[in-house]
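Opening my notebook on this one.

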Amino acid sequence: MSDHFSIDASPTDLSAAERVLGEIGRQLSDEGGKLAGLPGQAGDWTGSTAVALKGEMTRVGGQMTASTPHFETATTALATFRTAVEEATTDTIPGLNKQWGDAITEHQNAVGAANRAHADRMSPYRNMPDEDTRGVRGSSAATRDTAVTDADEALTTSQRSLTREYDQCVSDLQQAARACGQALAGAVLAAVPAEVVSDYLAGGGTGTRPPSGFDLDDVTTATRQTLTGDTSITGQADDYAAGRRTAEQAAQWWKDHPHERMPPDLREELAAGATNPAFVQGLMVTAGSSGMARLSVEAARLHNDRDPDADEFFTVLADIYRTGSHVRVDDGEGGSRYLMDEDWLNAFNPIAADPELEDGEERSYRPDLLLPFMREPGFSENFTGLVADRALSDYEKHWMNEDTRDFTKFQHYLGNCAGQGWGCVAHADPDDPWGPNFQIALDRAGDYPTVANSMLLRHRDAVMYLATGNDPPWTGGEGAGVDYPDRAGGALADILRQGTIGLVDQDPRQAVNADVAAGTVAEWLQRNGDAHLVDPVNGALTDVLLHERYLNGMANSLGTPFAPDSGVISDPAYGPLMSRDAWARLHQEAMRDPDNAARVVTTLGDWINRTNADAQSAGYSANGPGGPLTQDPSVSALDRFRAEAVRSFLAGNLTADLDVLQSELERGLADNENAKETAKGVLTTLLGYATDPTSIKDDLIGKGGEFIIGTAVDAVATDPQAITDRYQPTLDALNTLSTGPIVDPSVWDDVNTTATTLAKDEARGTGADDIWAVQPGYDAGNPPRPTAYDGDPRSYVGHTSDYVGGNQPVITDDFLEYDDAGHVTGVKEVDTMNHLQRSAYMSWLQDPAVQRYLNQADHAVQEARERAGR
Amino acid sequence: MSSDPIKADYGTLGELQRQVLDLGIALDNTRQPLGRGYDQVLSGAGQFADHLSTGATAFLLAWQTALDTMSDGSSVVGNSIGKSVVDLAAVDATYSSDIVL
């Protein structure tokens, strides 16, 4: 007889599943531990990429290890359920079936017994006629029927009870199944969305065969994000894949809908990943340079359509370009390169991505589709340099020279053409983001000192051509068209400032590049004497000249023998050394503007005062170590010469173009009813500062030109006549200062000649007299004991050397010449000295004994010393 | 990613790369036993399968996803070993059914 109760479940299968999941959990733990340990086996593998990869190994290994407890939970849940099934199948159900059978048997027995009892009762009457036994039979049958009915009821009661027990068993198993399912659902690192599970089940998916059309990657993006986090390499790989998919979808859209705008959902995907480097990398690698240019066309067309989303998409695309500019990729040669490199730039043209666009259009770089997105900074230094270099190269080749100007090859810098046919809008509204864009490249060039410096070195002529107002449309100078933005001048000022002092401040090791840039600007201005910097660039030049390095460079060019006749020497200690004429051209250019002139006069005046004070403090000698100190200007004559040379230099520059300065002052004072007189008074004040720097009040030092001029204007207002009466005498005094042997570059030839003789004599025991003098920095309130100085140059060499590489890898400070016997024969030619020799030579010249000797032997030095004493 | 120069023993890196890539493949291949286990759970549950199928499917899909990310991570790492930048596109290791966890 078959069992009445049964259940459909297989403990065997469940047990097999337990083994499978348990094994996966154990393997994940073992292999995860190994993976996490691998970085330790490659300790000599270093570099930031190695660090990142090792970090990811550790992360994945840790995640694998962390998986094991979940598989143990799952296995336990399955075992619990399986145990319940086994109990049911081996105990409960068989027990119920037995009871069921027993109840039937019992029922059968009861019915049989009732029948037999009835038969037994009726046995005595078996030979009697029915009509005589009807009553007995009826009574007996009733008794039997009652017994059968009782048996039936008992059976029914038993079966109902057993069925209830079975139902409870099934219910318990259902509950166990649900508990198992809940445990399984919770035994995960990250849950998938409920609707994904529903879809999978509804689609009839199995463990090894998903439903038709089901793509796990597509529907578990959020789960993957939870698992990988924002920064892991795997998370980045997911973002990369998302970018790639977006690019593929965009390409397909353009192919299918060449005349329609991209759908909003695609733009939303771009917006979501715009600042994610991995997404942008996937997007850009897949789209290619051309595909990205096609996206720019999309933005331009939205703009032209006056689409309400145009501005937002423009910002998104700007973010994408900005982010992409920082992405580096493998170069296939063991190194890396920027994704947006020169090749990328050269191919930045939408035609390849969308042949529909082709209409006789050239296939080269399209700045009009890139530069509009670069209005704000934040692009990589490398990409900024590429774009700026390309813009200035194109400007030089196709626009700067009117004889070779080629509009068609420069038109894309004049305004965007996309979406409006291929005729360019050369005079587009400058406020239109798709308007003229050349100046944007200039703006960005000023973002990085290295880029700005490179522009000055590689494109000096173009920068200076623009900076001197030769192309009014771009600089906003005289003759500028009203349709052009007046902003390139500011960009050019940034380029000059950043490319010189910005670079020095950022990285003093690159001072040589900054100095060469400053030198090349000076050289250009010298060659183009009639060219003058437009206003903001002029101010930038003043910033450069008053920067500590360039102030020292100027002073040391005048106050040491090392300035070259042309070009620039970048000395680590002395700054950029250039000829007096080169420095004069720069200073005179700066001082064409009153504010700049005021800054230069007060700053140089302060420098002169401080240098004189130093020389004064060192100007003491004594007869011996214990002798009283007496003032002796000759022992610091050279120091006084340096200060005086700068005063003379300032005087010459200030008076070089007084008419321009005065007219500019008058223009700036146009609101003043006595503009002409007031301007002359202010000019007198500046001339007075230059003549006698000690008259400069401390509160003017380091202040802006407007403040200094304003202070002078106020002073003039108190007694205009008294000030203007001083104009001519002050000018005469200043003119006197700017003449004489002190301004003759040959002064240093004389000093060097004298020095050579002195060096030779000193080595022979003759030459300068030994003296006792105080060292620079003497404090009058606490006088030190004087030190003995004999002026012997040999004590100034042999102290320093430097490894510089090249043909002469090690240089020394020995500035002396020797004969075959090793005797000193003089000093080296200054233009052959290295920087250590220059420093040592100058230290020797500043030896108090030598200074006194030069004071006696050199007329210019003596005159300077005497002037400084006045 | 940075462009710092690579410093390493390339013999060590080669072995490292082999192990990581093999692991990526093995993790990917783990989909098979995981799916088999899922089918066994449902068949073992028999008439009770409906009561645990949602949880079991959530378990299956969550672990397929997790194993995918681990495999992808291993592939990217393995394929980037020896390069100066991480190759984010290298999520596909060379597949082999012979490699298991």
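**Largest pocket**

I began with the lining of the largest pocket, where H7(A) supplies the largest share, ten residues. Helices here are DSSP runs (H or I, at least four residues; strands would be E, at least two), numbered from the N terminus. Before going on, I note that this is a predicted model, in which local features need pLDDT of at least 70 and side-chain atom pairs count only at pLDDT 80 or more, while totals for chains, interfaces and linings use all residues. Residues are numbered from 1 along each chain as its sequence is written, chains are lettered from A and ligands numbered from 1 in the order in which they are written, and side-chain values use heavy atoms, with hydrogens and water left out.

I got a volume of about 760 Å³ for the largest pocket. My rule for a pocket, on a 1 Å grid over the protein atoms alone, is an open set of points with protein on both sides within 12 Å along at least five of seven lines; lining residues have an atom within 4 Å of a point. Points are joined across faces, edges and corners, and a volume is the space filled by probe spheres set on them.

The lining runs to 29 residues, and nearest the centre I find Arg224(A), Asp238(A), Ala241(A), Ala242(A) and Arg245(A). Two or more lining residues each come from helix H5 (216–219), helix H6 (221–228), helix H7 (233–256) and helix H8 (264–273) of chain A, and from H3 of chain B. By class I have ten nonpolar, six polar and 13 charged. In this scheme Ala, Val, Leu, Ile, Met, Phe, Trp, Tyr, Cys and Pro are nonpolar, Asp, Glu, Lys and Arg are charged, and the others, Gly among them, are polar.

**Where the chains meet**

Arg224(A) turned up again here: it forms a salt bridge with Asp72(B), the closest N and O atoms being 2.7 Å apart. The cut-off is a side-chain nitrogen of Lys or Arg within 4 Å of a carboxyl oxygen of Asp or Glu. I count one salt bridge between chain B and chain A.

On the chain B side, helix H1 (10–29), helix H2 (31–45) and helix H3 (49–80) each give two or more residues, and H3(B) has the largest share with 26. That side divides into 35 nonpolar, 26 polar and nine charged residues.

In total, 70 residues of chain B and 81 residues of chain A take part in the contact, meaning heavy atoms within 4.5 Å. Together the chains bury about 6,200 Å², 71% of it on carbon and sulfur atoms. Buried area is the accessible area (1.4 Å probe) that two parts lose on being put together, summed over both.

**Cavities**

How many cavities of 30 Å³ or more are there? I count seven, a cavity being a set of points where a 1.4 Å probe fits but cannot get out.

The largest cavity has a volume of about 60 Å³. Its lining includes Leu21(A) and Leu184(A), along with Tyr38(B) and Phe59(B). H2(B) gives the largest share, four residues.

H20(A) gives the most, three residues.
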